[in-house]
Every structure is written in structure tokens, then in C-alpha cells.
Amino acid sequence: MKNLKTVLVLGLLVICFLACKENKTDEVTTEQETAAAKETAPETTETVTITTVLNANLATEADLNGIGLSETMVTAIIDNRPFLSMTEFNTVLGSGDHSELYKQLFVPFNLNTTAEADFKMIPGVGNKMAHEFEEYRPYLSVKQFEREIGKYVDEVEVARYLNYVFVPVELNSASEEDIKALPGVGNKMAHEFEEYRPYKNMDQFRKEIGKYVDDAELKRLERFVYLKN
């Protein structure tokens, strides 16, 4: 009987030893397979491209030629600038579906005054997003737009939207950052906007800023600013 117990114990020990050896072998094999997979797997890099849309009021002749417009259309666009609305721009483009062109060329919308239906002219903006654009009015800055619309889309899409919209600024209180966020307004012009504060009326704005730009550019800049009553 004692010998039988001894045999049973030895048998159990052999079984345990073989099982442990098998598990260890499986672990080694799995590690080797994982390492091999890492070595042979192709390296993937995500490339994010932010689309730049030309401003119909600022694009050069070379820019317009570069997106495939006819010579006649290029001339018509340049001769009729500045466009103070998409309605004016579409009049020059003529009848037809221009949705593909809008992916490359546009007149930015005033976020605080544009009709909700018109926002749908922006490529990729449907009923829901057009409603969200309108929902958070009045916008006091581009940062506010980025924050609110960023609840629904990622940063890349928000950046794309910024090709199509602007937030008008109050001449006497807007920060330099907000002024420079306006289409085509750089460091020098932002400085001039601030230089003549406080503005008493829009005539003063026209007089002072008109020292630096021609009448067409002055009309374009006017749509970006306002004065509190």
C-alpha cells in the first residue's frame, strides 16, 4: 500500500512537471511571435492636412489661375472685388452648382449675421452644423467659436471651418489677437486699428485707416468691425 502511494505521488509530480514545461514553452513561443510581428509590421504615420481655402477678395491672379479658373473668370473676380457677401460673389460666378469651387475659393461669412441656411454653402456643413453655428450667437471672438464648435468636431475640422467664417470685432475693445484673426489682417494693420483708439464713429475709422489702404480694401475691412452705441 505504501508503495502504491509512492507511485501515485511520483506520477502526480511528473504530470505537474510536464504541464509547467508546456506552459513555459507556450509563453516563449507567444513572446517570439509578438516580437516577430513587431519587426515585420509596417510603420504607420497619420498625416493630418488642414485645407486652406483662398479668400476671393485676397487671392492673387496666380492663385486663381492655380485652381483652374478660366482667364475670363479670373479677370471678372479681380475686377469686381471687393465682394462684401457671397451673394455678390455668386453673381460674378454665374448660375450653376459651385459647391466644388467653394472647397477652394470663398468669401468668409460673418458668424453673427449670416442666415443659418447660408452656412450650408460651406462644404461639409449640413443642417445640424449650420444650426450649431447659429446656436451660440453672438460670438465675441474666434476662440469662442473654436470652443463651442469643438464640442462637435475635432480640431482639424474646426480649423477648416475658420477658412469660411469670421467674428467681427469691436474697434475700441478688441484684443490684438482677435483683430489679427480677421481675414487678411496682419500685424501692421492690427497695430493701426489700435493706434487710433478710441474711435468716435465709423467715419473716423475710414479716415484713419484710409491712409494705409485704397478704397476697395477699406470697404473690405469695414465689414469686419463695428462700434458699440
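Asn 55 sits in strand β1 (residues 54-55); strands here are DSSP runs of E with at least two residues, helices are runs of H or I with at least four, and both are numbered from the N terminus. The structure is a predicted model, so local features are taken only at pLDDT of at least 70 and side-chain atom pairs only at pLDDT 80 or more, while totals for chains, interfaces and linings use all residues. Residues are numbered from 1 along each chain as its sequence is written, and side-chain values use heavy atoms, with hydrogens and water left out.

Asn 55 has a relative accessibility of 12% and so counts as buried; the cut-offs are under 20% relative accessible area for buried and over 50% for exposed, with partly exposed in between (1.4 Å probe, protein chains only). The Asn 55 side chain comes to 2.8 Å from the backbone nitrogen of Asn 57. That pair is a polar contact, meaning N or O atoms within 3.5 Å; within protein, one must be able to donate a hydrogen and the other to accept it, and residues adjacent in sequence count only if both atoms are side-chain atoms. Setting aside neighbours within four places in sequence, Asn 55 is in contact (heavy atoms within 4.5 Å) with Leu 105, Phe 106, Pro 108 and Pro 183.

On the whole-protein level, there are 12 helices and six strands. Of the 229 residues, 35% are buried. Looking at contacts between residues at least 6 apart in sequence, 51% join residues at least 24 apart.

Pro 183 turns up again at the largest pocket, where it is one of the residues nearest the centre, along with Leu 162, Asn 163, Val 165 and Ala 181. A pocket here is an open set of points on a 1 Å grid over the protein atoms alone, with protein on both sides within 12 Å along at least five of seven lines; a cavity is a set where a 1.4 Å probe fits but cannot get out, and lining residues have an atom within 4 Å of a point. The pocket volume is about 220 Å³, a volume being the space filled by probe spheres set on the points, with grid points joined across faces, edges and corners. The lining has 14 residues in total: 11 are nonpolar, three polar and none charged. In this scheme Ala, Val, Leu, Ile, Met, Phe, Trp, Tyr, Cys and Pro are nonpolar, Asp, Glu, Lys and Arg are charged, and the others, Gly among them, are polar.

Val 167 lies in the loop between β4 (165-166) and β5 (169-170). With a relative accessible area of 4%, Val 167 is buried. Its contacts, not counting residues up to four places away in sequence, are Leu 111, Asn 112, Tyr 139, Leu 140, Ser 141, Val 142 and Leu 182. Asn 112 is 55 residues away in sequence, yet the C-alpha to C-alpha distance to Val 167 is 7.0 Å.

The buried residues of α6 are Met 129, Ala 130, Glu 132 and Phe 133. Seen down the axis, they fall within an arc of 160°, so they line one face of α6; the arc is that of the directions from the helix axis to the C-beta atoms. Asn 127 and Lys 128 are exposed on the face turned away.

Helix α11 (residues 202-209) buries Met 202, Gln 204, Phe 205, Glu 208 and Ile 209. These cover an arc of only 150°, which puts them on the same side of α11. They pack against α10 (187-195), α12 (215-222) and β6 (225-226), while the face turned away carries exposed Asp 203 and Lys 207. At the start of α11, a side-chain oxygen of Asn 201 comes to within 3.2 Å of the backbone nitrogen of Asp 203.

In α12, the buried residues are Leu 218, Arg 220 and Leu 221. Their arc of only 160° puts them on the same side of α12, and their cover includes α10, α11 and β6. At the start of α12, a side-chain oxygen of Asp 214 reaches to within 3.3 Å of the backbone nitrogen of Ala 216.

Most peptide bonds are trans. The bond from Arg 81 to Pro 82, however, is cis, with omega near 5°; Pro 82 belongs to the loop between α3 (71-79) and α4. Arg 197 and Pro 198 are also joined by a cis bond, with omega about -5°, and Pro 198 is in the loop between α10 and α11.
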